[in-house]
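Please keep the sequence and the structure in view while reading.

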Amino acid sequence: MATLIKANKICKTYANDGVQNHVLSNIDLEINEGEFVVIMGASGSGKSTLLYCLSGMTTVTSGEVIYDNKDICKMKEKELTGIRSSGFGFVFQQMNLVPNLTLRENVAVPGYLKKNKTRKEVDARVDELLKTVGIYDVKDHNPARTSGGQQQRCAIARGLINEPKILFADEPTGALNRSTSNDVLNLFTDFNNKGQTILLVTHDIKTAIRATRILYIEDGSIKGELKLGSFKDAEEKAREAQVNSWLTSLNW
């Protein structure tokens, strides 16, 4: 299994009124092709900061993040922007859709901007994704006319439009009710089963059990790892009990 991202001794420190706040401390990890990796941890543990460092959305204080045999921490902004728009896809708790664009346009624009496909090819990819995530029937609606679940489905499609090597997701179900969250999680599982690599941050156990591997972070360090394998509906309850037991052993 090929390694997509490798982090070596990454640290992240913020200075506040002269006080050093060490958010991440000497993190080593690898994300392999085809994995669905979940990062868990309490609020303030550093899990979202870790995701932002791995995706180049924020700089590290020290260490390196290797992607495509290059250290993204040493890249200039133009090169990094190119990787974030092609190699990486993003889904956040707040969908960040452009309000005056339709759902279809929100998905299409990043595809047009990449300029490696014709407009016709991008349009075909957009329609395919909208059908896959189940919002093709509301594709011409602006976000305000759709539900939170439909908006998050749109955000997932947008994150996948340029066929990224890895999809980063930060609390993607945090603003959704349980039923809608489950629908969205099914999409993540389905895309992962088709080969999409996913790195997702959550504090929710029902989200975490979808992972093939869970990393637990505490005080900026990885304190535990649990390998689960591919998710199957029939194993949901047993998987949830396993994760609960593991988290309890880590004083969750």
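A nonpolar core is here a set of buried Ala, Val, Leu, Ile, Met, Phe, Trp, Tyr and Cys residues joined through side-chain atoms within 4.5 Å; buried means under 20% relative accessible area, exposed over 50%, and partly exposed in between, with a 1.4 Å probe and protein chains only. The model is predicted, so that local features need pLDDT of at least 70 and side-chain atom pairs count only at pLDDT 80 or more, while totals for chains, interfaces and linings use all residues. Residues are numbered from 1 along each chain as its sequence is written, and side-chain values use heavy atoms, with hydrogens and water left out.

The largest nonpolar core has 44 residues, of which Val-38, Met-40, Ile-156, Phe-188, Ile-214 and Val-243 touch the most other members. Beyond its neighbours within four places in sequence, Ile-156 is in contact (heavy atoms within 4.5 Å) with Val-91, Val-184, Leu-187, Phe-188 and Phe-191. Another core lies apart from the largest one; its 30 residues include Val-23, Leu-29, Val-65 and Ile-166. In soluble globular proteins, nonpolar side chains tend to be buried together.

The strands come next. Helices (H or I, at least four residues) and strands (E, at least two) are DSSP runs, numbered from the N terminus, and two strands pair if DSSP finds at least two bridges between them. An open sheet of 6 strands has the order β6-β7-β8-β3-β9-β10, with mixed pairing. Because β6 (88-92) and β10 (221-227) stand at the edges with a single partner strand each, one side of each is left without a neighbour in the sheet. From one strand to the next, the twist averages 20°. Within this sheet, β3 (residues 36-40) and β9 (residues 213-218) run parallel and are joined by 4 bridges, with Val-37 opposite Arg-213 in β9. Helix α1 (residues 47-54) packs on the sheet and touches β3, β6, β7 (166-170), β8 (197-201) and β9. The direction of α1 makes about 150° with that of β7, where axes are lines fitted to C-alpha atoms, for helices over the stretch in contact, and angles run from 0 to 180 degrees between N-to-C directions.

Strands β1 (residues 3-16) and β2 (residues 19-32) pair in the antiparallel sense over 10 bridges, and Ile-5 has Ile-31 in β2 as its bridge partner. The two strands form a hairpin with 2 residues between them, and Asp-17 in the turn has a positive phi of about 55°.

Finally, Ile-83 is found in helix α2 (residues 77-86) and counts as buried because its relative accessibility is 14%. Leaving aside neighbours within four places in sequence, Ile-83 is in contact with Tyr-67, Ile-72, Met-75 and Phe-88.
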